[in-house]
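I opened the notebook to record what I looked up in this structure. The entries are grouped by topic and keep to computed values.

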Amino acid sequence: MTDLINPTPEIYQAAKSARTTMELEAELNDDLEDPIDALEVYNIIRGIKDPEHPNSLEQLRVLQPDHVEIDDVKNVLSVRFTPTVPHCSMTTLIGLCIRVKLNRCLPPRFKTDVYVTPGSHEQETAVNKQLRDKERVAAALENNNLMNVVEKCLTDLEE
Amino acid sequence: LATLSGHSERVWHCAWAPNGKELGSCSADKTIRLWGVDSEGKWGHRNTLEDVHDRTVRSIAWSPTGRMLASASFDATTAVWLREDGEFNCISQLEGHENEVKCVAWDKSGSLLATCSRDKSVWIWEVDEDDDEFECISVLHGHAQDVKMVAWHPEHSFLVSASYDDTIRSWSEQGDDWACSASLQGHKSTVWSVCFNANGQYMVSVGDDCELVLWESSSPQGDFKELSRLAGVHPRTIYHVDWCPKTGLIATAAGDDAIRVFELTATGDTPALSLLHTQHGAHSSDVNCVKWSPSEAGLLASAGDDNALKVWKFA
């Protein structure tokens with residue numbers, strides 16, 4: 001096996017996130033106003049596979065439910081993620097995977113910001129700047145080699 | 001006034017033909033579309049230029065006579081299209097940049113073409129007018145990161161480039177080659193766009209820091225002095241800025257779906273920009289480009305992530 005950036009990541013039990021009865025009712029009833037909430041967004045991205053481990057971003061706690069913030073009225077969404085090690089060279093790739101998945105699954109009206117948890121990465125500013133630059137993201141999405149890697153990460157792991 | 005649909009993906013950029021009767025647009029769908037206005041003032045699709053670029057077409061520029069159109073693409077090439085009998089044919093595909101070409105611009109004489117790329121360089125091409133051949137005469141290094149945009153000064157023979165490295169550089173002919181004459185540090189993040197007023201006395205730059213910076217051009221070689229800045233108006237990245245040669249108004253395209261119009265005023269002795277109007281929801285997604293008509297005062301075209309091109313009248 002090749003050298004891993006983080007050979008022994010902590011694996012966490014996936015959080016059981018509960019909804020209130022009222023929320024469940026709203027989810028199931030088409031007549032009730034049902035805004036897109038943070039938990040729904042989290043459910044879209046939590047199964048993304050880590051580029052170097054056979055685990056999901058949820059299991060590695062790269063993503064956590066309360067690191068998703070959404071305002072369905074203002075159409076603003078922000079997701080922060082935490083690399084497992086501060087020198088992780090896969091960080092931009094992970095951010096790109098999250099962006100691609102959200103772009104595919106959410107209506108285009110959302111303004112989405114994806115960034116690393118402050119203090120969690122050595123090149124935090126550079127990574128965030130790249131992920132915010134839609135021209136660079138667009139160019140990356142036209143790169144077939146890179147997209148093959150992204151698609152592998154977006155194939156959800158079996159539960 | 002009009003919404004022009006036809007592109008199947010994000011429209012990155014648009015450009016008015018010099019006579020103001022035609023509008024070109026380019027998109028992530030790899031095509032360039034040309035639109036025209038009929039005698040009743042109704043806008044419609046005229047032409048689609050395709051099958052040359054195999055990736056996103058990022059920006060386009062008309063030669064000063066409108067005889068040629070240049071297109072810059074993520075496929076690392078710049079195509080030059082020649083109009084003959086109403087048809088456009090690709091007569092040249094300029095290669096040399098290592099990767100994505102982001103912008104292309106003609107100088108006022110139409111004899112020089114500048115391109116810039118993610119490879120951090122700016123290239124200057126000379127046009128041989130007898131046989132429409134293009135030759136690279138200078139490769140300019142200096143930026144530490146992607147170069148987002150190039151623009152020629154309307155009077156003097158220098159150009160400026162805006163970069164992901166947060167700086168603007170100006171380049172002029174020094175001796176028998178081109179070299180950097182100034183590096184301007186006025187932005188806190190990527191500089192996405194720059195534009196000049198009609199006589200080139202002023203320049204405005206915009207970018208990811210959501211600020212507009214007003215500069216005064218202080219020498220024919222490309223030195224600038226920062227005059228003032230405007231912050232707190234745009235909540236998200238400003239992708240493009242354009243100065244109307246007719247009215248002197250300045251328009252911005254931004255990531256909050258809005259188009260804003262500014263005017264040049266003076267606070268005391270210092271020229272400054274002040275907001276006149278905000279068109280919220282101008283597009284249903286990011287606005288990538290705004291361009292004032294070269295012929296009709298107040299006519300404005302915009303391009304957006306909603307795949308649409310729109311024509312506005314600012315009155």
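**Conventions.** I worked on a predicted model, in which local features need pLDDT of at least 70 and side-chain atom pairs count only at pLDDT 80 or more, while totals for chains, interfaces and linings use all residues. Residues are numbered from 1 along each chain as its sequence is written, chains are lettered from A and ligands numbered from 1 in the order in which they are written, and side-chain values use heavy atoms, with hydrogens and water left out.

**Chain A, fold.** I looked up the secondary structure of chain A and found 6 helices and 3 strands (DSSP runs, H or I of at least four residues for helices and E of at least two for strands, numbered from the N terminus). Read from the N terminus, the order of elements is α-α-β-β-α-β-α-α-α. I noted that 43% of the 159 residues of chain A count as buried (under 20% relative accessible area, with exposed meaning over 50% and partly exposed in between, for a 1.4 Å probe and protein chains only).

**Salt bridges.** A:E151 pairs with A:R104, with the closest N and O atoms 2.7 Å apart; A:E151 lies in helix α6 and A:R104 in helix α3 of chain A, so the pair ties together parts 47 residues apart in sequence. A:E151 is partly exposed at 33% relative accessibility, and A:R104 is partly exposed at 48%.

I then turned to A:R46 and A:E58, whose side chains meet at 3.0 Å, N to O; both are in the loop between α2 and β1 (68–71) of chain A, 12 residues apart. A:R46 is partly exposed at 23%, whereas A:E58 is buried at 7%.

Which pair crosses between chains? B:D257, in the loop between β23 (250–254) and β24 (259–267) of chain B, reaches A:K111 in strand β3 of chain A, at 2.5 Å, N to O, and both residues are buried. I also recorded a network of salt bridges that links A:D133, A:E135, A:R136, B:R58, B:K102, B:D146 and B:K148.

**Surface charge.** On chain B I found a negative surface patch whose members include B:E126, B:D131, B:E173 and B:D177 (residues with over 30% relative accessible area and no salt bridge, like charges being joined within 9 Å). The elements giving two or more residues to the patch are β12 (122–128) and β13 (133–140) of chain B. B:D131 sits in the loop between β12 and β13 and is partly exposed at 44%.

**Backbone.** B:D132, in the loop between β12 and β13 of chain B, has a positive phi of about 55° although it is not a glycine, and B:D132 is buried at 14%. B:D51 has a positive phi of about 65°, again without being a glycine; B:D51 is in the loop between β5 (43–49) and β6 (57–62) of chain B and is exposed at 73%.

Note on methods. Patches are made of residues with over 30% relative accessible area and no salt bridge: like charges are joined within 9 Å, nonpolar side chains (Val, Leu, Ile, Met, Phe, Trp, Tyr) within 5 Å. Accessible areas come from the Shrake-Rupley method with a 1.4 Å probe; for residues, only the protein chains shown count as cover. A salt bridge is a side-chain nitrogen of Lys or Arg within 4 Å of a carboxyl oxygen of Asp or Glu. Lys and Arg count as positive and Asp and Glu as negative; His and the chain ends are not counted. The place of a charge is taken as NZ of Lys, CZ of Arg, CG of Asp or CD of Glu.
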